[in-house]
Amino acid sequence: MIDFDLLNEISEYAKTHVESSKEFYAGRNQSHDYIFRQILDGKISEFSAYYYLKAKGYSLRPPDLKHYEQHEKSHSADLIANNKTHLHVKSISLTSLERYGISFLVEKNDPQVKNPQDDNFYMVMVQRSYLVYEPHAFIPAKDIIWKAPINRKLVTKLAYYEK
């Protein structure tokens, strides 16, 4: 369960992440608040996935709240269950769900796009209320057929659309 203290930690993480990556996000023509909210929602979703899996008996470490410089960031899994299943958590906000349906974006250079591994899955989490995300699907990385994003400005991204 995401309590007040954890929400504060996640908020501080998101704030630090946005501030340290201003130049990276500058070309996206997105507001500071929008980017902050995306990072906040993503991390809330990761913790929701973590608590869901823990309740199901899986062994895993909690999501990382460490700040990484841009050059230190990777495409590694958000969670690793039972030391073998790599889960890339993808959050779908209420707004995004209404606009695009079940979908998510990845970078074109993500290793799971170029060379998907059998032990890598996308765990799709759908927002139900501000702090509540529920699992929608576990999709093997190797089974995804990537498409161009609806938003053609996202030239470095690929998209998954459920339908």
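View 1. E4 covers residues 120–129 and E5 residues 132–140; strands (E, at least two residues) and helices (H or I, at least four) are DSSP runs, numbered from the N terminus. The two strands run antiparallel and are joined by eight bridges, where pairing requires that DSSP finds at least two bridges between two strands. Residues are numbered from 1 along each chain as its sequence is written, and side-chain values use heavy atoms, with hydrogens and water left out. Because the model is predicted, local features need pLDDT of at least 70 and side-chain atom pairs count only at pLDDT 80 or more, while totals for chains, interfaces and linings use all residues.

**View 2. Strand E4 and its parallel neighbour E2.** Strand E2 (residues 85–92) runs parallel to E4, and seven bridges join them. Ser-91 stands opposite Met-125 of E4. Seven of the ten residues of E4 are buried, so the strand is largely enclosed by the rest of the structure. Buried means under 20% relative accessible area, exposed means over 50%, and partly exposed is in between (1.4 Å probe, protein chains only).

**View 3. Salt bridge between Arg-128 and Glu-134.** The side chains of Arg-128 and Glu-134 meet at 3.2 Å, N to O. A salt bridge is a side-chain nitrogen of Lys or Arg within 4 Å of a carboxyl oxygen of Asp or Glu. Arg-128 is partly exposed at 44% relative accessible area, and Glu-134 is partly exposed at 36%. A search of the whole structure gives six salt bridges.

**View 4. Lys-43 and Glu-46 in helix H3.** H3 spans residues 32–55, and within this helix Glu-46 and Lys-43 are three residues apart, about one helical turn. An α-helix has 3.6 residues a turn, so residues three or four places apart point the same way. The side chains of Glu-46 and Lys-43 form a salt bridge of 3.1 Å, N to O. Both partners count as buried: Lys-43 has a relative accessible area of 6%, and Glu-46 has 10%. Leaving aside residues up to four places away in sequence, Lys-43 touches Ile-10, Tyr-13, Pro-63, Asp-64 and Leu-65, contact being heavy atoms within 4.5 Å.

**View 5. Helix H1, its buried face and its N-terminal cap.** The 17 residues of H1 reach 24 Å from first C-alpha to last, close to the expected 24 Å at 1.5 Å a residue; the expected span is 1.5 Å times one less than the number of residues. Leu-6, Leu-7, Ile-10, Tyr-13, Ala-14, His-17 and Val-18 are the buried residues of H1. Seen down the helix axis, they fall within an arc of 125°, so they line one face of H1; the arc is taken over directions from the helix axis to the C-beta atoms. Phe-4 and Asp-5 are exposed on the other side. Asp-3 caps the N-terminal end, with a side-chain oxygen 3.3 Å from the backbone nitrogen of Asp-5. This is a polar contact, that is, a pair of N or O atoms within 3.5 Å; within protein, one must be able to donate a hydrogen and the other to accept it, and residues adjacent in sequence count only if both atoms are side-chain atoms.
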